[in-house]
There are 2 protein chains.
Amino acid sequence: MITTCVDVFVKEEHIQDFIEATKKNHLGSTAEAENLRFDIIQSNDDPSHFMLYEVYISQAGVLAHKETAHYAEWRDTVAEWMAKPREAKKFTMLFPATAEDA
Amino acid sequence: MITTCVDVFVKEEHIQDFIEATKKNHLGSTAEAENLRFDIIQSNDDPSHFMLYEVYISQAGVLAHKETAHYAEWRDTVAEWMAKPREAKKFTMLFPATAEDA
C-alpha cells in the first residue's frame, strides 16, 4: 500500500477556506475504490500547518486520484492560499500489511 | 481525535530489527480500546526513515498507550537503534471528523 504525506502551509487569512475546500476533497477521495485513508490533520503547534495523509491500495489508485474532478478542483482552489509550495513525501505502508487489516 | 506523527531515523544495520519490534508495537497498539490507527510507514526515498502515524479517539487513550507493556518494550528495545532522537508532532484530526467515519 502506498502512503503519501503532504505537508501544506496555508496563509493565515485562508485557513478556514482551506479547511472547507479540503473537506470536499476528503469526501470525494474516500469514496474512491482504491482509497484506504485520506485524513486531514492540523498541527497543534501551528494552525497554518496541515497534513494530508493519503493511503491507496495500489499505484493505479494513486494515479486515478489525480484524474478525479475533486482533486483538480481542490488543487486549483487552494493554489493561491498556500504560504509556500506544498511538499509530498512517499512512503510504503508496512503495518497494517493489508487493506483487510486496516 | 488526536494524531501523533513520530519521525524515526534508524541506524542502517538495525532497520530489520526495528521493523520487527515495531510490528509488535503496532499489533499491541491497534488492540487498545481508544486506538483508531497505528500505521507504520517507511520512506521510499530513505529506508532508514519511518513514521508512526498514531490516532487516538481521546487524550485518555494517548495517555493509556504510554502505560502499556508493548509501548514500554518497544521504547526500550529500539532506543539504541535510533540514528537520532525521534520527533513526535501533535495534530488534531479534522476529517474524518468522528471514529465512525474513519
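In chain A, strand 1 (residues 2-9) and strand 3 run antiparallel and are joined by 8 bridges, where strands are DSSP runs of E with at least two residues and helices are runs of H or I with at least four, numbered from the N terminus, and two strands pair if DSSP finds at least two bridges between them. This is a predicted model, in which local features need pLDDT of at least 70 and side-chain atom pairs count only at pLDDT 80 or more, while totals for chains, interfaces and linings use all residues. Residues are numbered from 1 along each chain as its sequence is written, and chains are lettered from A and ligands numbered from 1 in the order in which they are written.

**Strand 3 of chain A**

- A:Val6 has A:Leu52, in strand 3 of chain A, as its bridge partner.
- Strand 2 (residues 35-43) of chain A also pairs with strand 3 of chain A, in the antiparallel sense over 7 bridges, and the two form a hairpin with 5 residues between them.
- A:Tyr53 of strand 3 of chain A is the bridge partner of A:Asp39.
- Of the 8 residues in strand 3 (residues 49-56) of chain A, 7 are buried (20 or more other C-beta atoms within 10 Å of the residue's own, with C-beta atoms placed from the backbone; exposed is 12 or fewer, partly exposed in between).

**Contact between chains A and B**

- Chain B and chain A each bring 20 residues to the contact (C-beta atoms, placed from the backbone, within 7 Å).
- On the side of chain B that touches chain A, strand 4 of chain B gives the largest share, 7 residues.
- Strand 2 of chain A runs antiparallel to strand 4 of chain B, joined by 4 bridges, with A:Gln42 opposite B:Thr92.

Definitions and conventions: Contact = placed C-beta atoms within 7 Å.
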